[in-house]
Amino acid sequence: MTPPVRVLTVDDQELVRTALRAMLRRTDVEVVGEAADGARAVEAAYELCPDVVLMDVRMPGMTGVEATARILQGWPHPGPRPRVLVLTTFDLDEYVHAALRAGASGFLLKNTTPELLVEAIGVVAAGEAMLAPTVTRRLIRAFSDLPPPLVSGGLGDPLDVLTRRERDVAELVARGLPNARIAGSLGLTEAGVKSTVNRILTRLGLENRVQIAILVLAAEKGDG
């Protein structure tokens, strides 16, 4: 039997935390803790070692962006770091951009359906990316702070450094496909897809699959 995904919820509104707890109680997700601000989120993450942190971005004191960076960059345990899934609203683009740079694995709007939220938790827990389409479109329009390797050296299309196979995989990552579906589409094994994604991250100087998706979609927009 697959163990439940262990989740830490972070939001300064108690009503939101209560609603998330009630929603997730009826699923295979286990809420192992809650935090009402960024500082407590960091402490709780270090203490509880959740699989996924559901992170609000705008909170009193330490923001969700800073908390995301501290959790991921200062992880004190030998095991894997948690994945951070950001819950956002339309008017918080600047925070979303910063959270992406801090290493968040996904973005959802707070009005998302319970089914999509549970799916997203499972996706990011498996090491993949989850992007709400509306958030993706807004990111592409406004996102300008790409990692230095992508904006230096007079590069045209930064994806040109990828092999044809790596580019195929990157394009399917941008469509939100999990490794299993990418493998089926391209005739690869899941292990082969995972290895290819890791090579893409290294070649492009990126941190996660979310950044791959943003880069590919932004390049497609530029070609249009």
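Predicted model: local features only at pLDDT ≥ 70, side-chain atom pairs only at ≥ 80, totals over all residues.
## Before we start

Local features here need pLDDT of at least 70, side-chain atom pairs count only at pLDDT 80 or more, and totals for chains, interfaces and linings use all residues. Residues are numbered from 1 along each chain as its sequence is written, and side-chain values use heavy atoms, with hydrogens and water left out.

## Salt bridges

The structure holds 13 salt bridges (a side-chain nitrogen of Lys or Arg within 4 Å of a carboxyl oxygen of Asp or Glu). Lysine 110 sits in the loop between β5 (106-109) and α5 (114-125), while aspartate 56 belongs to strand β3 (residues 52-56), 54 residues apart. Strands (E, at least two residues) and helices (H or I, at least four) are DSSP runs, numbered from the N terminus.

Is aspartate 56 buried or exposed? At 3% relative accessibility, aspartate 56 is buried, whereas lysine 110, at 35%, is partly exposed (buried is under 20% relative accessible area, exposed over 50%, partly exposed in between, with a 1.4 Å probe and protein chains only).

Another salt bridge joins arginine 40 and glutamate 43 (3.4 Å, N to O). These two are three residues apart in helix α2 (residues 38-48), so about one helical turn separates them.

## A linked group

Asp160, Arg164, Arg167, Asp168 and Glu171 form a network of salt bridges. Within this group, arginine 164 meets glutamate 171 at 3.8 Å between the closest N and O atoms. Arginine 164 is exposed at 52%, and glutamate 171 is partly exposed at 27%.
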